[in-house]
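Please look at the model below with attention to its pockets, and to the helices and residues that line them.

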Amino acid sequence: MATSEVKLLGSWPSPYAMRPRIALNIKSVDYEYIDEKLWEGKSQLLFQSNPVYKKIPVLIHGHLKPICESLIIVQYIDEAWSSGPSILPSDPYERAVARFWAAYLDDKWFPAVKSIGVAKGEEEKKAAIAQVEQGLGLMEEAFGQCSKGKAFFGGDEIGYLDIAFGSFLGWLRVTERFNEMKLIDEANTPGLAHWADSFCSHAAVKDVMPDTDKLAEFGKMVIAKIKAAGAAAQRH
């Protein structure tokens, strides 16, 4: 397959946009990355490419129709460039387990991480932190089962669940910094602590993982906007 006709619409702070970039890097696919500045407005190309959700990321492959939703894109990349290293496990059960945990992270765990930053009062914040910590406990167990003693959820190399979870590490670091705490550490989650270091230093990841300082500045802006919108809604 020609790789020169691959475009990816993303946005640098987005963990979801990181996922297809890592997958394309694993497969050694050349692609054009188009960074959408969503806070300034969405491009016409994004509206045309994803008219249903109007969200990034979107993969445009040759003359094919665009592919939307980060984990669906990762699966498509794995199938479209099948000659490269496999991303999804070959075993049907292991593939189902990886998809289960990826869905949990998107549906339950990362929303709890985001809620820490916009919590109203200490009690709400404590509840959100407890939910995040409980989730990390589950992921520590899942890592032990999926990795079979190797460096990644996918074994010797980064796989589907590594991409799904690892894309959130930048925002997890920002959350730790804002709240002066460690959520992934040697004491409570030793497996994840080693995994996070291995993941972030991997050749397919290190150039697309956003800088923590830059992400923290962006996070402050987002939190301020959310809180201002909430305050304005209360006044009406």
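In this predicted model, the second largest pocket draws at least two lining residues from each of α4, α5 (122–147) and α6 (160–166). Among these contributors, α4 gives the most, with five residues. The space in this second largest pocket comes to about 560 Å³, and of the 28 residues that line the pocket, P89, E94, F153, G154 and G155 are the closest to its centre. Sorted by class, the lining of the second largest pocket consists of 14 nonpolar, eight polar and six charged residues.

From here the view can turn to the largest pocket, which holds about 1100 Å³ of space. In the largest pocket, however, the largest share of the lining belongs to α9, which provides eight residues.

The lining of the largest pocket is made up of 39 residues, and those that lie nearest its centre are P15, F110, K114, W171 and V222. By class, this lining of the largest pocket includes 22 nonpolar residues, together with seven polar and ten charged ones.

Methods. Residues numbered from 1 in each chain as written. Predicted model: local features only at pLDDT ≥ 70, side-chain atom pairs only at ≥ 80, totals over all residues. Heavy atoms only, no water. 1 Å grid on protein atoms, 1.4 Å probe; cavity = no way out; pocket = protein on both sides within 12 Å on 5 of 7 lines; lining within 4 Å. Points joined across faces, edges and corners; volume = space filled by probe spheres on them. Helix = DSSP H or I, 4+ residues; strand = E, 2+ residues; numbered from the N terminus. Nonpolar A, V, L, I, M, F, W, Y, C, P; charged D, E, K, R; others polar.
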